[in-house]
Amino acid sequence: MTAPDEQEPESARLVRPYVITNGRGRLDNDQFNLITLVTASDQVRPGHLDPEKRRLLDLCAGGYLSVAEIAGHMGLPIGIVKILLSDLSADGYLLTRAPAPPAQLVDVSLLQEVLDGLQARFG
C-alpha cells in the first residue's frame, strides 16, 4: 500500500501540463525547434505572469539558451516549453536567434601550411 503523499505527485503530473498551457496542446506556428536560441528581452515584466513563465524568464535572463536546455532546466516536456515560449515571445518578453551555422570545412592544405609554419618556428 502506498502513502497518500506518494499518490499526489502522480496525479499532479498528469494534470499539470494541461493547466500550464491553459488547455492548449499544440502551436499553430512552430517557430521554435530544439536548437532555437532564446533570451529574455529588456521589456519590463508584468506582475501577473504565471509561475512557470516567470521561472522561464528568470532562466533566460542570463543569456541565450536553446529550447532543449530550457526544457531540461525546467523539467517540462518540450511541447509545453514551446507553448510557454511562444506566449512570451508574442508578448515581447523573449528574443530568439537562430543557432550559429555549422563551420565551413577548411582547406586541408591551408591547415598543413599553418602546421608546417608552427613546426618550423617552434620545432
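**Exercise 1.** In this predicted model, determine in which hand helix 2 passes helix 3, and which residues make the contact.

*Solution.* Helix 2 passes helix 3 in a right-handed crossing. The residues that make the contact are E52, R55, L56, L59 and C60 on the side of helix 2, and I70, H73 and M74 on the side of helix 3. Sorted by class, the residues of this contact comprise five nonpolar, one polar and two charged. For the geometry, take helix 2 as residues 51-60 and helix 3 as residues 67-74, whose axes come within 11 Å and cross at roughly 125 degrees.

**Exercise 2.** Work out how helix 2 and helix 4 are oriented to each other, roughly perpendicular or roughly parallel.

*Solution.* Begin with the angle: helix 2 and helix 4, the latter spanning residues 78-90, pack at about 75 degrees, and their axes are 10 Å apart. Because angles of 65 to 115 degrees count as roughly perpendicular, that is the description that applies to helix 2 and helix 4. Next, list the contact, which E52, K53, L56 and L57 of helix 2 make with L84, L85, D87 and L88 of helix 4. By class, this contact has five nonpolar and three charged residues, and no polar ones.

**Exercise 3.** Identify the ring over which the charged end of R97 sits, and state how many aromatic pairs the structure holds.

*Solution.* The charged end of R97 sits over the ring of Y64, at 4.5 Å from the ring centre. As for aromatic pairs, the structure holds zero.

Terms used:
Residues numbered from 1 in each chain as written. Predicted model: local features only at pLDDT ≥ 70, side-chain atom pairs only at ≥ 80, totals over all residues. Heavy atoms only, no water. Phe/Tyr/Trp six-rings, centres within 6.5 Å; stacked < 30°, edge-to-face > 60°. Lys NZ or Arg CZ within 6 Å of the ring centre and 35° of its normal. Axes fitted to C-alpha atoms, helices over the stretch in contact; angles between N-to-C directions. Helix = DSSP H or I, 4+ residues; strand = E, 2+ residues; numbered from the N terminus. Left-handed = near helix turned anticlockwise from the far one by under 90°. Contact = heavy atoms within 4.5 Å. Nonpolar A, V, L, I, M, F, W, Y, C, P; charged D, E, K, R; others polar. Parallel < 35°, antiparallel > 145°, perpendicular 65-115°, else oblique.
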